[in-house]
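Let's take a walk through a protein model together. Have a look at the picture first, and then we'll go from the whole chain down to a couple of residues.

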Amino acid sequence: MTATPLFTVTKGNPTEDELAALTAVLTDLQAAAKAKQQPADQNRWGNPALANHAEQLFNPHAFANITYF
């Protein structure tokens, strides 16, 4: 089973150290791109405004006609 190369050099003669550095950079960039594609945590516990509920407003006149005994 042969692995496909990550990249090919078409011009110039890079040293082994330069190829290793370039491989490390490209591998890190690829890992960062894959991490961004994963969905974020959908846990909304503690979120003050839930998406399915309207924001509650304070209404001081809502119970003005109630008689307290």
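Accessible areas here come from the Shrake-Rupley method with a 1.4 Å probe. Keep in mind as we go that this is a predicted model. By that method, the protein exposes about 7400 Å², and carbon and sulfur atoms supply 57% of that area.

So how much of the chain is tucked away? A residue counts as buried when its relative accessible area is under 20%. Of the 69 residues of the protein, 0% count as buried.

Now let's zoom in on the segment before helix H1 (16-37), where Pro14 is found. Is Pro14 buried, partly exposed or exposed? Its relative accessibility is 31%, so Pro14 counts as partly exposed. Once you skip residues up to four places away in sequence, Pro14 touches Val9 and Leu19.

Next, step into helix H1 itself and look for Thr23. Thr23 counts as partly exposed too, because its relative accessibility is 32%. Which residues does Thr23 contact, leaving aside its neighbours within four places in sequence? The answer is Leu6 and Phe7. Take the pair Thr23 and Leu6: they sit 17 residues apart along the chain, and their C-alpha atoms are separated by 7.7 Å.

Notes. Residues numbered from 1 in each chain as written. Predicted model: local features only at pLDDT ≥ 70, side-chain atom pairs only at ≥ 80, totals over all residues. Heavy atoms only, no water. Buried < 20%, exposed > 50% of the residue type's maximum accessible area, 1.4 Å probe, protein only. Helix = DSSP H or I, 4+ residues; strand = E, 2+ residues; numbered from the N terminus. Contact = heavy atoms within 4.5 Å.
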